Structures are given as C-alpha cells and as structure tokens.
Amino acid sequence: MDEPTSGLDARAAAIVMRTVRNTVDTGRTVVCTIHQPSIDIFESFDELLLMKQGGQEIYVGPLGHHSSTLISYFEGIQGVNKIKDGYNPATWMLEVTNSAKEHELGIDFSEVYKKSDLYRRNKELIKELSTPAPASKDLYFPTQFSRSFFTQCLACLWKQHWSYWRNPLYTAIRFLYTTAVALVLGSMFWDLGSKIEKQQDLSNAMGSMYAAVLLIGIKNSNAVQPVVAVERTVFYRERAAGMYSAFPYAFAQASSD
C-alpha cells in the first residue's frame, strides 16, 4: 500500500490503519509506505525498512514494543541524541539520520547498518528462507495460465463489454456517426445496385462502399485512441499478473469493436 493515510485527518488515518492492522492479524502480510506517521500509527507496524536518500538501507528489522528495538539500535550509535519522553519515534529517527546529522557525526548510517549484528541476522534469515527444504521439489505448473484459452476469451469479452458500455460518450458517438454516414450515403446511392447498366455505374457503387468504409473507419479509429491508451495500461498490468495471454485480449478487442 502506497501511503494509505495521505490526505486524511488523524481520525480517518487511524481508522484506515486499524483496518490494515486487523488484516495483518488474520495472518496476511501487508507492506506499506508511510509519511510522517503519528506515534499510534507508527507503533501499529511490526517491522520497519528505513532507507536514506539514494535507496541505501539504514535499518531493517522489528520495531519492538513502543518502538524500543528501533530506539535502542539508533541510541547505540555514538553521537546520536537520545529520544525525549513522549516524542514521536518516527519523527526522531528521521531527525537523527538525516544527511546533515551524518555530516555532523562523520558517519554513514548505511555503513553502520552493514556492520551491525542486525544486518548479519537479516542476511542469515534471507539465506535460510531462500534454501529449499530437504526432499522438496520445485513447483511445476503444466500450463502458463490457470484457465483455458476459451475461459480467457470469455473473461476478456465480458471485461470489454462492460468497459464499452460504461463509457456512454464513446459508444454514443460511434453509433450516431455510423448512423449519420449510413443515412447520407444511403440516400445518395439509393437502389444503385439495381441500376447498373454501364461501367460508370459499377464504379459509383464501388466508390460508395469505399467512402462508407473509409469515413466510418477513420472516425472510429480516432475515437478509439483515448480508450486504447487507457486499456493499454490495464493490459500491461493484467498481462504481467498472468491473468490471460495477449491473443484472447486481442480477440476480445476485435470482437467488441
């Protein structure tokens, strides 16, 4: 979750984070980025990944009860000011680890972390979790996608159906323009097929069909571009998630159009 409390007042932010905490208590893992949290919100987290400018890790580990583990770690660094009673640990840790403080103390907090026991324990845990259990087998899936090609087509058709009908402006423009072109060209070349007596009549009939296809095609192509621009982002996300292959999506797009 990317900053779930941004733009919320204190009460609304507390409600959101209480819901997140309830989700965690069910056994699920929730990863959040958060900006300047209050004491209550900050201490609702179990673990913290703190990075300095440039993406280097400063602290990766548990917060502890009332952020005691975090506070003990930073207070154990020579020159770091002790936290005052009642002070927000989230605010304090940002104040004592900023670039100005690093320059003042003459240390690099990322290097301090890499030399700490916490860093070694984290690396050992990563190595342990990355090692497969004895006699275990690699996961194998017979197919790339969980559903059949036919099911993927149905799902993409259903999605495209609702995508278009929830965009009434685009759908109405297509219908109205196609109807207008049909009426104009139809009135101009009415009953032309039964009056073909010479080569010019045949050319006129072919020209009317060409004009209809050209006018409707160009207009629909221009109108669909904003829709496709939005759909492309959705397709990239869902394709990366392995929801369906490109062919069912293309089939649904062509069928819907």
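A nonpolar core is a set of buried Ala, Val, Leu, Ile, Met, Phe, Trp, Tyr and Cys residues joined through side-chain atoms within 4.5 Å. Buried means under 20% relative accessible area, exposed over 50%, partly exposed in between (1.4 Å probe, protein chains only). The model is predicted: local features need pLDDT of at least 70, side-chain atom pairs count only at pLDDT 80 or more, and totals for chains, interfaces and linings use all residues. Residues are numbered from 1 along each chain as its sequence is written, and side-chain values use heavy atoms, with hydrogens and water left out.

**Exercise 1. The core**

Find which residues have the most contacts inside the largest nonpolar core.

*Solution.* 
- Step 1. The largest nonpolar core has 27 residues.
- Step 2. Leu48, Tyr59, Leu70, Phe74 and Trp92 have the most contacts inside this core.
- Step 3. Helices H1, H2 (39-42), H3 (68-75), H4 and H6 (109-114) and strands S1 and S2 each supply at least two of its residues. Helices (H or I, at least four residues) and strands (E, at least two) are DSSP runs, numbered from the N terminus.
- Step 4. Take Leu48. Leave aside its neighbours within four places in sequence; its contacts (heavy atoms within 4.5 Å) then include Phe42, Tyr59, Leu70 and Met93.

**Exercise 2. The aromatic pairs**

State whether the pair Tyr59 and Phe74 is stacked, edge-to-face or tilted.

*Solution.* 
- Step 1. Recall the rule: rings of Phe, Tyr and Trp (its six-membered ring) pair if their centres lie within 6.5 Å; planes under 30 degrees apart count as stacked, over 60 as edge-to-face and the rest as tilted.
- Step 2. The whole structure holds eleven aromatic pairs.
- Step 3. In the pair Tyr59 and Phe74, the ring centres are 5.9 Å apart and the planes stand at 40°, so the pair is tilted.
- Step 4. Tyr59 lies in strand S2 and Phe74 in helix H3, so the pair ties together parts 15 residues apart in sequence.
- Step 5. Check burial. Tyr59 has 1% relative accessibility, so Tyr59 counts as buried. Phe74 is buried too, at 0%.
- Step 6. Compare Tyr244 and Tyr249: their ring planes are at 5°, so this pair is stacked.

**Exercise 3. The aromatic cluster**

Name the residues that form one aromatic cluster with Tyr59.

*Solution.* 
- Step 1. Start from Tyr59 and Phe74, which belong to the cluster.
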